[in-house]
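Work through the exercises below with the model open beside you. Try each task before reading its solution.

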Amino acid sequence: MRASPTVFALLGAVAGAALVAVWALSNARPFDLYQAEVNTRSPYVFGNNWSDRFLNSAWAAFTALAIVVVSSWLARRYRQAPAIGAVAGLLVLGAPSVIEVPTGLAPTTTGIAAGLLLGFAASAVRSDRSAAVAALLGALTAYPIRREHDARFGSPRDWSVNLGTGSANTLVPVPVIALVLVLVVASVVTLSRRAETTTPRESGPVAVSVPATAALTWAVYVSFGDSASSVVQWVAAVVVSVVAIVAVAVRSGKDGGFVCAGLAIAATTVNGMAWSGWWVAPLAFAGIATGLLLACRVPATAVGCCVLAAVCASGFAWDTIASTIAYAVILPAAAAYSYASSLPSEPSVLALGILLPIVCAMFGFSALGKRPSGEYTWDPGELPAPGSVIPAQATAIVAAVVTSLVAALVATRIHDRNARRS
């Protein structure tokens with residue numbers, strides 16, 4: 001694409017759609033999900049064996065990926081379908097600020113809305129590589145922007161179990177939703193004036209495997225990988241999920257490295273970091289920019305995955321400055337570098353790679369050592385220092401390190417296979 005107002009409008013809309021989608025999905029799980037998964041005999045409507053299965057982020061991400069595949073299919077027949085879907089997704093995300101949405105349905109409706117937005121962002125990937133960069137940039141910056149917003153204004157996540165009859169919150173600030181809505185509409189208007197039209201290519205066979213893998217990961221999580229799981233069950237859930245994701249990466253051809261990058265980044269969520277202090281967000285943005293620039297010069301997904309394995313291992317030294325540097329500086333740079341080293345051309349693969357840190361809830365939420373006590377208490381004297389790492393148990397950290405190294409190995413094999421074929 002040549003630089004023009006039309007191109008800038010499209011890229012801005014793509015980046016904004018990816019940012020809002022990842023932001024919303026990151027907030028999809030309720031505050032009291034732990035109680036829903038552990039207290040299966042709760043008298044509240046969303047605290048039983050059945051409904052709590054649909055409250056976690058893995059379910060929301062699976063819903064989003066299924067919508068992305070449908071959107072990609074519709075885009076081949078109706079050119080404006082992804083843009084119309086993006087507008088609908090933004091309206092759905094903003095709906096709780098106007099009407100009441102039951103909290104038990106919020107993860108599902110959030111997944112649908114995020115899928116419509118990612119479908120729009122991913123539909124532009126096939127036409128130009130810069131669209132993939134824009135979508136990636138929006139997804140990468142969603143994490144530090146969301147954490148910075150929550151640190152300053154509080155998290156908008158819902159309470160769905162202990163409050164039973166409550167209504168859902170708007171998970172992304174309304175001004176952000178309105179801005180992205182303007183960008184999407186502007187891109188539609190400018191693109192409609194172009195005389196030329198492009199017909200999207202047919203989706204490959206991996207498009208069906210993407211939501212199927214996300215569904216399997218969700219099923220494994222709710223069956224024996226959630227907060228109520230034992231050590232053996234949790235490790236088994238990780239193994240099954242990693243095998244399924246690796247299989248998709250291998251089937252994705254030259255795009256498989258992007259899936260490996262997403263898997264390694266997902267493993268780093270096994271540890272957490274206290275997001276406080278004015279310096280955390282600027283370091284994250286600087287790291288993302290550095291990673292993208294390095295990927296343009298010397299792309300190597302496997303190297304990025306190995307660096308991400310070291311980030312996971314820094315949880316063993318959680319009380320040192322090394323772990324803070326790893327999560328505040330190295331993680332954003334390595335994530336951007338790993339992703340950008342293997343930019344995909346298949347929309348469903350792009351969406352899967354971006355959402356894997358959310359799909360793999362066994363790392364990001366129910367990892368051994370990260371589970372809350374079940375009692376909600378708050379003591380200002382116990383607040384962690386800015387940028388300090390909150391580690392998981394040693395078993396979980398080892399599993400995360402191995403997962404990242406497996407991702408690096410698979411990325412290397414995929415790269416070698418592609419080199420032989422070319």
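The exercises below go from the whole chain to single residues.

The model is predicted: local features need pLDDT of at least 70, side-chain atom pairs count only at pLDDT 80 or more, and totals for chains, interfaces and linings use all residues. Residues are numbered from 1 along each chain as its sequence is written, and side-chain values use heavy atoms, with hydrogens and water left out.

**Exercise 1. The whole chain**

State how many helices and strands the protein chain has, and what percentage of its residues is buried.

Step 1. Helices (H or I, at least four residues) and strands (E, at least two) are DSSP runs, numbered from the N terminus. The protein chain has 16 helices and two strands.

Step 2. Buried means under 20% relative accessible area, exposed over 50%, and partly exposed in between (1.4 Å probe, protein chains only). Of the 422 residues in the chain, 56% are buried.

Step 3. Contact means heavy atoms within 4.5 Å. Among contacts between residues at least 6 apart in sequence, 87% join residues at least 24 apart.

**Exercise 2. The core**

Find the residues with the most contacts inside the largest nonpolar core.

Step 1. A nonpolar core is a set of buried Ala, Val, Leu, Ile, Met, Phe, Trp, Tyr and Cys residues joined through side-chain atoms within 4.5 Å.

Step 2. The largest such core has 130 residues, and F120, W234 and L355 have the most contacts inside it. Helix α1 (residues 5-26) supplies the largest share of this core, 15 residues.

Step 3. Take F120 and leave aside its neighbours within four places in sequence: its contacts include L10, A13, V14 and A17, and also P82, A83 and V184.

**Exercise 3. Salt bridges**

How many salt bridges does a search of the whole structure find, and are the residues D150 and R152 buried or exposed?

Step 1. A salt bridge is a side-chain nitrogen of Lys or Arg within 4 Å of a carboxyl oxygen of Asp or Glu. Side chains of opposite charge can pair when their charged atoms come close. The search finds three salt bridges.

Step 2. D150 pairs with R146 at 3.6 Å, N to O. The two are four residues apart in helix α6 (residues 129-153), and therefore about one helical turn separates them. D150 is buried at 14% relative accessibility, and R146 is buried at 9%.

Step 3. R152 pairs with E148 at 2.8 Å, N to O. Both lie in helix α6, four residues apart. R152 is exposed at 58%, whereas E148 is buried at 16%.

Step 4. D255 pairs with K254 at 3.6 Å, N to O. D255 is buried at 5%, while K254 is exposed at 56%.

**Exercise 4. A loop residue**

Describe where E346 lies and which side chain it joins in a polar contact.

Step 1. E346 lies in the loop between α13 (321-340) and α14 (347-359). E346 is buried, with a relative accessible area of 10%.

Step 2. A polar contact is a pair of N or O atoms within 3.5 Å; within protein, one must be able to donate a hydrogen and the other to accept it, and residues adjacent in sequence count only if both atoms are side-chain atoms. The side chains of E346 and S348 form one of 3.1 Å.

Step 3. E346 and R126 are 220 residues apart along the chain, with their C-alpha atoms separated by 6.9 Å.
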